[in-house]
Amino acid sequence: MSDLSASFTHLNAAGQPAMVDVGAKTATRRLARARSRVVLGAEILKLVQAGDLPTRKGPVFQTAILAGIMAAKKTADLIPLCHPLGLDDCQIQIEVQAPDAIHIICTATVTGKTGVEMEALTGASVAALTVYDMCKAMSHDIVIQETRLLDKTGGKNDFHHAD
């Protein structure tokens, strides 16, 4: 089990779940961006492109943005052993990808001792789920295709995904 402990940061020497001790780390400015792709279908996308589609819960994109930000702030309550972070900022952008999809990009920043990848991934994921929830009455063929980390900076190892 000790080999797993070296490769999985959330396991202790006995192979049991453990929170990573970040106490000795220096606080740095950290940023992470994540993206979810949602295939809505051409018909729903046309409705959305004509103006943010209103529903009983509110406009789809605006509601998804709020849900994603709220989720990013609650990441530690959702993901076991994730450090609770007081985010400095969280922004969500929704970009139309013709002919039938959208990209939801969540950018999370913090000045802290641990990264914000999970917050960015959670924000993008929950915003995508919210779009699905609000549009499912029009189609159950909506697909959340991919959620991925795009970049992270400010920690021990920076990362950038090249499309």
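These are my notes from looking through a predicted model of one protein.

**Overall layout**

I started with the whole chain. I count five helices and seven strands in the protein. Read along the sequence, they come in the pattern α-β-α-β-β-α-α-β-β-α-β-β. For extents, I get a C-alpha trace spanning about 55 × 30 × 30 Å along its principal axes. Of the 163 residues, 38% count as buried. I also looked at contacts between residues at least 6 apart in sequence: 67% of them join residues at least 24 apart.

**The sheet**

Next I wanted the strand order. In what order do the five strands of the open sheet lie? I read β4-β5-β1-β6-β7, with antiparallel pairing. At the edges stand β4 (89–97) and β7 (159–160); each has a single partner strand, so one side of each is left without a neighbour in the sheet.

β4 and β5 (residues 101–112) run antiparallel and are joined by nine bridges.

**Helix α5**

I checked whether α5 has the length I'd expect. The helix covers residues 117–135, so 19 residues, and at 1.5 Å a residue it should span 27 Å. Its end C-alpha atoms are 27 Å apart, which agrees.

Which residues of α5 are buried? My list is Glu 119, Ala 120, Leu 121, Thr 122, Gly 123, Ala 124, Ala 127, Ala 128, Thr 130, Val 131, Met 134 and Cys 135. A reminder to myself: an α-helix has 3.6 residues a turn, so residues three or four places apart point the same way.

**α3 against α5**

α5 also has a helix partner. Helix α3 (residues 60–73) packs with α5 at an angle of about 145°, and their axes are 7 Å apart. I noted the crossing as right-handed. From α3 the contact uses Val 60, Thr 63, Ala 64, Ala 67, Gly 68, Ala 71 and Ala 72. From α5 it uses Glu 119, Thr 122, Gly 123, Val 126, Ala 127, Thr 130, Val 131, Met 134 and Cys 135. Sorted by type, the residues of this contact are ten nonpolar, five polar and one charged.

**Two single residues**

First, Gly 112, which sits in strand β5. Buried or exposed? Gly 112 has a relative accessible area of 10%, and under 20% counts as buried, so buried is what I wrote down. Leaving out residues up to four places away in sequence, Gly 112 touches Thr 26, Ala 27, Thr 28 and Arg 30.

Second, Ala 76, in helix α4 (residues 75–78). Its relative accessible area is 26%, which makes Ala 76 partly exposed. Beyond its neighbours within four places in sequence, Ala 76 is in contact with Cys 82, His 83 and Pro 84. Between Ala 76 and Thr 107, 31 residues apart along the chain, I get a C-alpha separation of 17 Å.

Terms used
Residues are numbered from 1 along each chain as its sequence is written. This is a predicted model: local features need pLDDT of at least 70, side-chain atom pairs count only at pLDDT 80 or more; totals for chains, interfaces and linings use all residues. Side-chain values use heavy atoms; hydrogens and water are left out. Helices (H or I, at least four residues) and strands (E, at least two) are DSSP runs, numbered from the N terminus. The expected span of a helix is 1.5 Å times one less than its number of residues. Buried means under 20% relative accessible area, exposed over 50%, partly exposed in between (1.4 Å probe, protein chains only). Two strands pair if DSSP finds at least two bridges between them. Contact means heavy atoms within 4.5 Å. Axes are lines fitted to C-alpha atoms, for helices over the stretch in contact, and angles run from 0 to 180 degrees between N-to-C directions. A crossing is left-handed if the near helix is turned anticlockwise from the far one by less than a right angle, and right-handed if clockwise. Ala, Val, Leu, Ile, Met, Phe, Trp, Tyr, Cys and Pro count as nonpolar, Asp, Glu, Lys and Arg as charged, and the others, Gly among them, as polar.
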